[in-house]
Amino acid sequence: MLRERTRYCLHATTSRSAGVSKQETNFQFLERFDKRVAQLAKQAEKYVHTDPDSCMFKLRLMVETMAKKLTNLQMRSDISQDLGSMLGALERGGIVPRRQADSMHAIRRDGNAAVHGSPTPVPTAMRRLHEAYKISGWFCKVIKRGSKVNLNEFAPPEPPAPLDQATKSLHGKIDELEESIEQRRLATRESLLMFGPQENVKDVTRRIIEELKALDNVAAAAGEPIIDADFVALVMAMDLEQIEEDPRHGGDSRQARREAEQQLDFIKQHLAEREKVFLAERTFLIEQRNES
Amino acid sequence: MQESEQIQLATLWFLSARAMAVAGEEMAAVQEAATGLYAQAILGFEESVCRKAKDVEHIDNKTLIDCLSGVRQLPRELAEKILTGVMMISYADRKMKPLEVRWASMLASAIEVSPDDFQRCCVNARVIASMLRPHGAPA
């Protein structure tokens, strides 16, 4: 019988030795919330050592199933069914927090890479499985409000046979590489956000509001005219087609669109290239091992 | 441009942008994402510059008055780009609150743009906001 890894709040968590043997699973608790997701998670767990590519397929499918369920539950029906778009919409809508979204995107990316023939090392699959475990706990709380799920520490599935020294060493190197890739992704992420990681967003926001109100009072007291709010509202209400057809603005807005599109494409291409470099670094390590 | 100057400029951008986002009362995720993309794609800052600009040592001691004063000293084209970006942040959530109008007004006054130039910035901002928001995405 499968051993359950999660206890509800009232139950005491039990300590256990590291590693999940063949008969055990980290994901039994998911059964109570979503059988399909639980099944995919358990399959991924089963394959993590023997077939890490299949483990990634299952994890990707698991994330896709979660994203569809969350989209159906909490969003409009016209969201694209493409996983990347669904995750983007869920994150922008505030349904998936940043940490979970990052993990889901990482699983999506590595799952896609595996589908397209890029080999998945065991440590990478294990890392994603661990992330899937953490996402699962959060997912249960979202789909059944009021549920209190206390996750035990993730117990990595044990390999079917002990690893030799060369494999252990390779796994160590791959883990280091994965860590470095995650740091680089995090750096990219931080560069794109409005606030820095050390900033206290609440404090900064409060300070800005105080300053804005003070400036507003000063400007109003000085009788300073404000920008034509009606015009701003009009621009907001206009369709882009109308703006572009307007002889006063058409030329500029078309030019702005062309330039901005080119610049955005450049950034997107740059980000895509970096992901390719990450994959190439990982593949290089695996190939080295195969050659030796 | 030296890296220190770039960081200073990027700090000005992030201050202006977050003032507009905060003025909108609810900071939508789409505004957060648009801020960094605009910094890199349109203003041309490197990733590292964007990160350093938000380091506490660079941004924490600056007020909105410093921001207005800094924007005022920029070359006209660059200042207009910042104004356009700030208006884009405002359009990103499809709402316009009184403090947002005030912040736009103060920036425009600092840069001394004419009403026509301001309208041009607004229209360009509207176009860019529509590009950064994926079709059908919530505000």
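Good morning. Please keep in mind throughout that the structure before you is a predicted model.

I shall begin with chain A and with two of its helices, α2(A), residues 52–74, and α5(A), residues 122–143. Angles under 35 degrees count as roughly parallel, so α2(A) is roughly parallel to α5(A). The crossing of α2(A) past α5(A) is left-handed.

Which residues form this contact? Sorted by class, the contact holds 15 nonpolar residues, no polar ones and 2 charged ones.

As α2(A) passes α3(A), the crossing is left-handed. From α2(A), the residues A:Glu64, A:Ala67, A:Leu70 and A:Thr71 take part, and from α3(A) they are A:Leu83, A:Met86, A:Leu87 and A:Leu90. By class, this contact comprises 6 nonpolar residues, 1 polar and 1 charged.

Let us return to α5(A) and consider its contact with helix α6(A), residues 165–192. These axes come within 8 Å of each other and cross at roughly 50°, and the pair is therefore oblique. Is this crossing left-handed or right-handed? The crossing of α5(A) and α6(A) is right-handed. A:Val122, A:Pro123, A:Thr124 and A:Arg127 of α5(A) meet A:His171, A:Ile174, A:Asp175 and A:Glu178 of α6(A). The classes here are 3 nonpolar, 2 polar and 3 charged residues.

I turn now to chain B. What is it made of? Chain B has 8 helices and 0 strands. Its C-alpha atoms occupy a box of roughly 40 × 30 × 25 Å along the principal axes. For 139 residues, a compact globule would have a radius of gyration near 14 Å, and chain B agrees with this because its own value is 14 Å. Of these 139 residues, 60% count as buried. Among contacts in chain B with a separation of 6 or more, 85% join residues 24 or more positions apart.

Finally, how do the chains meet? In this model, 51 residues of chain B are in contact with 49 residues of chain A. Five helices of chain B, namely α1 (3–23), α2 (29–42), α3 (47–53), α7 (98–111) and α8 (115–132), each supply at least two residues to the side that touches chain A. Which helix gives the largest share? That helix is α8(B), with 11 residues. By class, this side of chain B has 32 nonpolar, 9 polar and 10 charged residues.

Thank you for your attention.

Key. Residues numbered from 1 in each chain as written. Chains lettered and ligands numbered in written order. Predicted model: local features only at pLDDT ≥ 70, side-chain atom pairs only at ≥ 80, totals over all residues. Axes fitted to C-alpha atoms, helices over the stretch in contact; angles between N-to-C directions. Helix = DSSP H or I, 4+ residues; strand = E, 2+ residues; numbered from the N terminus. Parallel < 35°, antiparallel > 145°, perpendicular 65-115°, else oblique. Left-handed = near helix turned anticlockwise from the far one by under 90°. Nonpolar A, V, L, I, M, F, W, Y, C, P; charged D, E, K, R; others polar. Rg over C-alpha atoms; globule rule 2.2 N^0.38 Å. Buried ≥ 20, exposed ≤ 12 C-beta atoms within 10 Å, placed from the backbone. Contact = placed C-beta atoms within 7 Å.
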